[in-house]
There are 2 protein chains.
Amino acid sequence: MSRFVVSLGGNALGNTPEEQKTLLEHVVIPISALIASGHEVVLVHGNGPQVGMINLAFADSSTTPEMPFPECGAMSQGYIGYHLQNALDNRLRSIGLSRAVATVVTQVVVDAADPRFHQPSKPIGAFYDHETSLKLQDEKGYTMKEDSGRGYRRVVPSPLPVDVVEKAVIHSALKAGHIVICAGGGGIPVIEQNQRYVGVAAVIDKDFASAKIAELIDADTLVILTAVEHVCLHFNTPDEQLLRQVDAETMQRYLDAGHFGQGSMAPKVEACLKFVAQAGKTAVISSLEKAVEAFAFETGTLIKS
Amino acid sequence: MSRFVVSLGGNALGNTPEEQKTLLEHVVIPISALIASGHEVVLVHGNGPQVGMINLAFADSSTTPEMPFPECGAMSQGYIGYHLQNALDNRLRSIGLSRAVATVVTQVVVDAADPRFHQPSKPIGAFYDHETSLKLQDEKGYTMKEDSGRGYRRVVPSPLPVDVVEKAVIHSALKAGHIVICAGGGGIPVIEQNQRYVGVAAVIDKDFASAKIAELIDADTLVILTAVEHVCLHFNTPDEQLLRQVDAETMQRYLDAGHFGQGSMAPKVEACLKFVAQAGKTAVISSLEKAVEAFAFETGTLIKS
């Protein structure tokens, strides 16, 4: 028996509640098989499209109050957590396993002095025209950036996770034999201010959050499920080369050489490297479609110290 | 040491995220004192104004998908749970207590054959004019009712809670020494259909849900905090009479005689009576302002078998 943290992309969950329900029916099949094999499992999911949708609903509505970004993230944890725990619980019972599934609303601590706070980079919410974007910048102090020719969007910083407020809850739920869903969307980011945790408008990379959770609960294996079966060198070129098993030192060299896309594969590789920097840990990056094989280390890119 | 389930009204949490944060700063003071006295505490909160707000934001927005009611409830659990756990955790640390706080996204099972499904009564979401209400009735199969002269609203049924999907999670979190926030808004209502739990558009009374949770985790005391310090006979008349300590049989007689307002005090009294029907249990109804005294059985209306 070994302890797994599995990280799922928010993009794999679709754009509407109906899509999300349908897609999750498939997602929970390999996860249930992993649980059936006797492993302990913690699930961390992204929330990009979902928190964007919630943010947009409140921005569009003139009859509801303004909803700050950490609160939108908290809503997305309830929304996705409910669908995921429902689908997983239904699946587990259908294969005769009586294991409880716990969605834990999770605050992740970031450092107010993290230099990343000075480089807002993660676009969130709606697209605006140039004039409105200047107004939002003036009136609300938002940082606005042009995004892929489609207009201007608010960008927020992406600080590194340093601690998880609910780590004891996650740990004890695991010890009680439950499956845990936590740190949805990378967690609700909080900074410490006068000995209090206070929510901040930021997006914590969900793979960094997964690696932090995996470290805090002393997991054996971190599995990041994404859109491709293997990490590649020279991705999408004639020289493309699949990576199957790579030691940490070599992977760090590939990362430093710029082989992996910023904001896509690079943070996943970096999260794995952070995790395997501890002795005896294994990280795997593979696709959701190949999850069963990836959990058995039979496909994907395996990273070990 | 004794095990408390404390039920808080959603109306006590205000109408905006800022109001909610400020109000919760006060709410967590008596709760922290109860925890400091060494008791185990489970918190259940209402979500009327909050789930209404979320529902309204999605109804107003033309760029986001339609959001079903159970999903809005799940969002409200994340939203309120985050604020409540944050405020409580901050308060506990400020008084030198290191106890983790767990918000558990909670599905509450209702019976698809519950006759209450045929009497939709709980108004949710926006007000519509008569013409739009007929259209919604036709197109979406909603039941619409005129509400207090302000227009037409969708009404949903309020079935009784029969089980809690995450009861093992709540129980083990308590045993691990955590404070638990669960069944927000009465829980996300699910029915069993082909051995699967499926969300339904309904509102479970949060006091009935509190009593069910209290029963399932074998709590000693159920405390329902509301707007008045005592339950009264002949409420708001010259004959008004405070109730301080009442045995279950007498309280049942008062309830049957129609002393308590439908949709306000009656379900609270009924929830308490369900709970104290088990041997050795105590229920208290009092105000949030008098919570400290109510937890010590020094004020409020105390109901015992």
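Predicted model: local features only at pLDDT ≥ 70, side-chain atom pairs only at ≥ 80, totals over all residues.
**Figure 1. A salt bridge between A:Arg196 and B:Glu25.** The closest N and O atoms of A:Arg196 and B:Glu25 are 2.9 Å apart. This pair crosses between chains: A:Arg196 lies in strand β11 (residues 196–199) of chain A, and B:Glu25 lies in helix α1 (residues 17–36) of chain B. A:Arg196 is partly exposed, at 30% relative accessibility. B:Glu25 also counts as partly exposed, because its relative accessible area is 32%.

**Figure 2. A salt bridge between B:Arg93 and B:Asp89.** The N to O distance in this pair is 3.1 Å. B:Arg93 and B:Asp89 both belong to helix α3 (residues 69–94) of chain B, where they are 4 residues apart, so about one helical turn separates them. B:Arg93 is partly exposed, with a relative accessible area of 29%, whereas B:Asp89 is buried at 8% relative accessibility.

**Figure 3. A salt bridge between B:Asp207 and B:Lys268.** The two side chains meet with an N to O distance of 3.0 Å. They link distant parts of the chain, 61 residues apart: B:Asp207 is in helix α6 (residues 206–216) of chain B and B:Lys268 is in helix α8 (residues 265–276) of chain B. B:Asp207 counts as buried, with 2% relative accessibility. B:Lys268 is buried as well, at 14% relative accessibility.

**Figure 4. A network of salt bridges linking A:Asp89, A:Arg93 and B:Glu192.** Residues of chain A and chain B take part in this network: A:Asp89 and A:Arg93 from chain A, and B:Glu192 from chain B. Over all chains, the structure holds 24 salt bridges.

Definitions and conventions:
Residues numbered from 1 in each chain as written. Chains lettered and ligands numbered in written order. Heavy atoms only, no water. Salt bridge = Lys/Arg side-chain N within 4 Å of Asp/Glu carboxyl O. Helix = DSSP H or I, 4+ residues; strand = E, 2+ residues; numbered from the N terminus. Buried < 20%, exposed > 50% of the residue type's maximum accessible area, 1.4 Å probe, protein only.
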